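Visitor: I would like a close look at a single part of this model, with the packing around it described step by step. Please take me through it slowly.

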Amino acid sequence: MKHRLLLLCLSLLGLLHTACKKEGSDEVRIQVKNASGYRFERVYVDTSGGEKEYGSLAPSQKSDYATYTVAFNYAYIKVVVNGQELTWQPIDYVGETPLKPGKYTYVVGVQDLAAKRLSLTLDK
């Protein structure tokens, strides 16, 4: 009887340990914040470690987090504003260090609507 009780307790401890582990502790999670005065009708991000659609974002709104296998301080970003596609296009990631696991925010603004240019900064 004592052995069964001990086995039951050890099993419960194992389950508790598994349940209490931090979910996604080794993941890079990124959300997008609309830092412009325009509504983003659609937001698309490609970090070269994954591609995600974030949907639409009102001015100052943040999206939900999405998980990527790898990401950098910047990424390819395309937004649609008033039916126009605006992009932020990185040249390459040569010499860049991938982001460490954690939560980050790509803060996206409209630098020049007529020229279809975005601004991008990373918040940690």
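Guide: Once its neighbours within four places in sequence are set aside, Ile30 is in contact with Thr47, Tyr54, Asp64, Tyr65, Ala66, Tyr68, Ala71, Leu99, Tyr104 and Tyr106. This is a predicted model, and the description should be read with that in mind. Ile30 also belongs to the largest nonpolar core, which has 28 residues, and together with Val45, Val79, Tyr106 and Val108 it is among those that touch the most other members. Two or more residues of this core are given by each of strand E1 (28-34), E2, strand E3 (51-57), E4, E5, E7 and strand E8 (117-123), and the largest share, four residues, comes from E7. As a general background, nonpolar side chains in soluble globular proteins tend to be buried together.

Lys103 lies over the face of Tyr65, 5.0 Å from the ring centre, while the charged end of Lys52 sits over the ring of Tyr68, at 5.5 Å from its centre.

The aromatic rings can then be followed through the structure as a whole, where a search finds four aromatic pairs. One of them joins Tyr44 and Tyr76 in an edge-to-face arrangement, with 6.1 Å centre to centre and 70° between the planes. This pair links distant parts of the chain, since Tyr44 is in strand E2 (residues 40-46) and Tyr76 in strand E5 (residues 76-81), 32 residues apart. Tyr44 counts as buried because its relative accessibility is 14%, under the 20% limit used for that term.

Tyr74 and Tyr93, by contrast, form a stacked pair, with 5.3 Å centre to centre and 15° between the planes. Tyr74 lies in the loop between strand E4 (66-68) and E5, and Tyr93 in the loop between strand E6 (84-88) and strand E7 (102-112), so the pair ties together parts that are 19 residues apart in sequence.

Ser60, in the loop between E3 and E4, has a positive phi of about 70° although it is not a glycine, and Ser60 is exposed, with a relative accessible area of 54%. Lys116, in the loop between E7 and E8, likewise has a positive phi, near 60°, but Lys116 counts as partly exposed, at 38% relative accessibility.

Methods: Residues numbered from 1 in each chain as written. Predicted model: local features only at pLDDT ≥ 70, side-chain atom pairs only at ≥ 80, totals over all residues. Heavy atoms only, no water. Phe/Tyr/Trp six-rings, centres within 6.5 Å; stacked < 30°, edge-to-face > 60°. Buried < 20%, exposed > 50% of the residue type's maximum accessible area, 1.4 Å probe, protein only. Lys NZ or Arg CZ within 6 Å of the ring centre and 35° of its normal. Core = buried A, V, L, I, M, F, W, Y, C linked by side-chain atoms within 4.5 Å. Contact = heavy atoms within 4.5 Å.
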